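Have a look at the structure first.

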Amino acid sequence: MEIEAILGKEKLDRNDLMMLLQATDEDKKLLFQRAEKIKLAEVGKKVHFRGLVEFSNICGKDCYYCGIRKSNRAVHRYDVTDEQILESARFAYEHDYGSLVLQSGELESPAFTDRIEKLLRSIKQISHGELGVTLSLGEQKKEVYERWYEAGAHRYLLRIETSNPELYRLYHPSDKLHDFARRLTSLQTLKRIGYQTGTGVMIGLPFQDTLQLADDLLFMKQFDVDMVGMGPYIEHRHTPLFQYRHELLPIRERFDLSLKMIAALRILMKDINIAAATALQAIDPLGREKAVKVGANIIMPNITPGKYRNDYALYENKPCVDEEPEECLNCLDVRIQLTDGEIGYGEWGDSKHFQKRTAVM
Ligand code: SAM
Ligand code: SF4
């Protein structure tokens, strides 16, 4: 089928999505133009910030793709102090970011639960309830998610990584801690509690093709997610998946495929929030801006104190590791204007999809 015919369809199926993901040249241009048009019509031209604080790289898990996995002894482990985290929150508040994301390795313990709960209350207090908070702290018990929700977190990001259980098993150890079913249940729990729920996948993993990526998009649609953050997989030499680097698409193709995933998702789920992943910027200095042009509407500027950034190395060549938050902000402002976008300073920029999904009739 011609690309125009697919783009004109009311409902896209797996084959349609595969065609979109395989589009090149003129077809790709049409895909991108269509996604941009839908974004402007449905969510507008505003881009919202989520100041990202990667406050610790200590992790209890061993995902085969991730540079900060527990078994990587070459990592210098750090844990930003609570005072420094609050300092970052103050920075986000004073610079009108609107929202904050707290992200770290995955830890499950009563002490960790208490710590996050306390931090959430303090962040709400210092920002007079004005700073929105997203958490990205992995799989936790229902009670833990509930306590954090009560303490003020209202969005949660938990990537499914791949919606294909067999592939998931290839990328993770086979034990209870890395169980696909638990990941899925966690996502369902988050949604039931009332979080704006976000998920996402890595794009260009070894053994993954456009059929599975099309299914990932359909999974997001079927799960009815409110937000998505997805980006290219980038190999890290101190991880088990590195041995399959020869199976990978060239890095520019992974980048290109990621943009097509974002564009196809915008067409499939018109009113959700889509983040431009930092990994895009690791490949192309203008990666995030290019993502905004083809459908993304959220950017997560890194506001982790500069000296810790080198150590949150999920993959190699992570961008902006030597910049202080203030410098990042100045360059982002100009860059977003270059995409014809506008930054929604001081606003939460909640998912319109979530607002509609939860509106009382
Ligand atoms: N530990 C939490 C979790 O796994 O949900 C949050 C932090 S984790 C570092 C955030 C995301 O980083 C993961 O969901 C994964 O998709 C991404 N990530 C890890 N290693 C990566 C790699 N080599 N390339 C690209 N993204 C990667
Ligand atoms: Fe830990 Fe998250 Fe990395 Fe997995 S992806 S090893 S849970 S930080």
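This is a predicted model: local features need pLDDT of at least 70, side-chain atom pairs count only at pLDDT 80 or more; totals for chains, interfaces and linings use all residues.

Residues are numbered from 1 along each chain as written, chains are lettered from A and ligands numbered from 1 in the order written, and side-chain values use heavy atoms, leaving out hydrogens and water.

**The largest cavity**
- A search of the whole structure turns up three cavities of 30 Å³ or more; a cavity is a set of points on a 1 Å grid over the protein atoms alone where a 1.4 Å probe fits but cannot get out, and lining residues have an atom within 4 Å of a point.
- The largest cavity has a volume of about 880 Å³, taken as the space filled by probe spheres set on the points.
- Its lining has 41 residues, with Q103, R159, E161, Y312 and L314 nearest the centre.
- β8 gives the largest share of that lining, four residues.

**Ligand 2**
- Ligand 2 sits in the largest cavity, meaning more than half of its atoms lie within 2 Å of the grid points.
- Around ligand 2 are C59, K61, C63, Y65, C66, I68, R69, G105 and E106, each with a heavy atom within 4 Å of it.

**The second largest cavity**
- About 110 Å³ of space lies in the second largest cavity.
- Its lining residues include R50, T134, M227 and N273.

How values were computed
On a 1 Å grid over the protein atoms alone, a cavity is a set of points where a 1.4 Å probe fits but cannot get out, and a pocket is an open set with protein on both sides within 12 Å along at least five of seven lines; lining residues have an atom within 4 Å of a point. Helices (H or I, at least four residues) and strands (E, at least two) are DSSP runs, numbered from the N terminus.
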